[in-house]
Amino acid sequence: MPISPTSRVAAALLLAACAAFAHAGTMHTPQQQVPGVYHQQIGQLQVTALFDGTVALGRQELVGIDAGAVTRLLDHRYVPEDSKGLQTAVNAYLVQRGNHLTLVDTGTAQCFGPGLGQVLSNLRAAGYAPSDVDDVLLTHAHPDHLCGLLDAQGEVAFPKAMVWLSKADADYWLDPASEATAPQPLRFAFKLARDAVAPYATAGTLRRFAPGDALPAGVTALDSHGHTPGHVSYAIDGGAGQKLLVWGDIVHFHAVQFARPDASYEADSDRRAAIASRRRMMAEAAANGWWVAGAHLPFPGLGHVRREGDAFAWVPGEFAPLPAK
Ligand SMILES: [Zn+2]
């Protein structure tokens with residue numbers, strides 16, 4: 001039976017009323033942020049940024065740059081800051097190639113207190129099971145990158161995974177002898193590193209490698225030491241001319257260190273080497289148009305680097321729908 005114009009109008013009004021009612025019924029004040037998950041297709045790679053939380057870094061922890069320049073650069077970027085310091089994201093990255101899952105860094109888990117340690121829950125929110133992760137690549141052995149090898153109960157978080165740590169970082173951070181001679185503020189990190197890798201070492205699933213060694217799924221580790229003795233960045237070829245550089249801790253203060261790559265983080269183990277590595281990674285990423293994923297860049301920390309004279313600028317990626325399968 002044909003619908004009369006009058007009943008069409010009535011139906012349209014009813015639908016509008018329902019929509020208004022539904023809208024009124026769902027209006028609320030958000031109690032928490034949406035899950036810290038972001039997907040980016042890079043060639044054949046399905047990359048998922050996983051938010052762990054934020055830490056506060058004091059602006060005074062920037063060295064090799066005068067305070068006036070720091071203030072000007074921070075003001076230009078409106079970096080959130082409270083009494084504890086500058087808001088600094090902690091990110092990890094899951095890279096899927098076909099059925100192979102590689103996780104680069106694992107977040108802080110229980111090591112940095114409340115508000116962090118969200119990598120595992122965000123991994124699940126992204127639709128992945130931790131037990132499906134094939135390889136965990138660590139950029140270095142600091143607690144905000146490897147504590148997440150263990151879950152909240154202190155159990156192995158990635159039971160199927162092989163864990164990869166550079167030989168130079170393993171030699172330094174897993175050795176109690178180096179703890180005794182380390183600067184006092186860094187000493188807490190040694191036990192955390194040993195504890196995080198211990199069950200994997202016992203199970204025979206901890207692998208030490210040198211930059212240049214063959215890594216799973218065609219990943220290449222680039223030497224970018226300086227922040228730690230064995231810090232590495234991972235170059236991952238997505239095909240179709242697309243490359244991703246998961247660069248770890250090349251930058252801690254994004255508002256300052258792209259414009260002033262010569263500004264160091266106090267906690268860098270070798271500042272001169274850290275500056276050289278920062279310049280090299282930024283120059284390569286900019287010259288080749290690589291995607292970059294940064295552990296302490298504002299979430300999701302995926303984007304590109306642009307050269308600006310002798311310095312650089314960060315160009316965040318744009319929100320994009322995923323290509324249809
Ligand atoms: Zn870090």
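The face of helix H2 turned away from its buried side carries two exposed residues, Ala 67 and His 76. This description rests on a predicted model. Helix H2 spans residues 67-77. Its buried residues are Ala 69, Val 70, Leu 73 and Leu 74. These four lie on the same side of H2, because they cover an arc of only 125° around the axis.

At the start of the helix, Asp 66 contributes a side-chain oxygen. This oxygen comes to within 3.2 Å of the backbone nitrogen of Gly 68. Just after H2, Tyr 78 adopts a positive phi of about 50°.

A further position of interest is Ala 56. This residue belongs to strand S2, which covers residues 45-57. The relative accessible area of Ala 56 is 36%. Ala 56 therefore counts as partly exposed, since that class lies between the buried limit of under 20% and the exposed limit of over 50%. With residues up to four places away in sequence left out, Ala 56 touches Lys 84, Gly 85 and Leu 86. Gly 239 stands 183 residues from Ala 56 along the chain. The C-alpha atoms of Ala 56 and Gly 239 are separated by 37 Å.

Terms used: Residues numbered from 1 in each chain as written. Predicted model: local features only at pLDDT ≥ 70, side-chain atom pairs only at ≥ 80, totals over all residues. Heavy atoms only, no water. Buried < 20%, exposed > 50% of the residue type's maximum accessible area, 1.4 Å probe, protein only. Arc of directions from axis to C-beta. Polar contact = N/O pair within 3.5 Å; in protein donor to acceptor, adjacent residues only side chain to side chain. Contact = heavy atoms within 4.5 Å.
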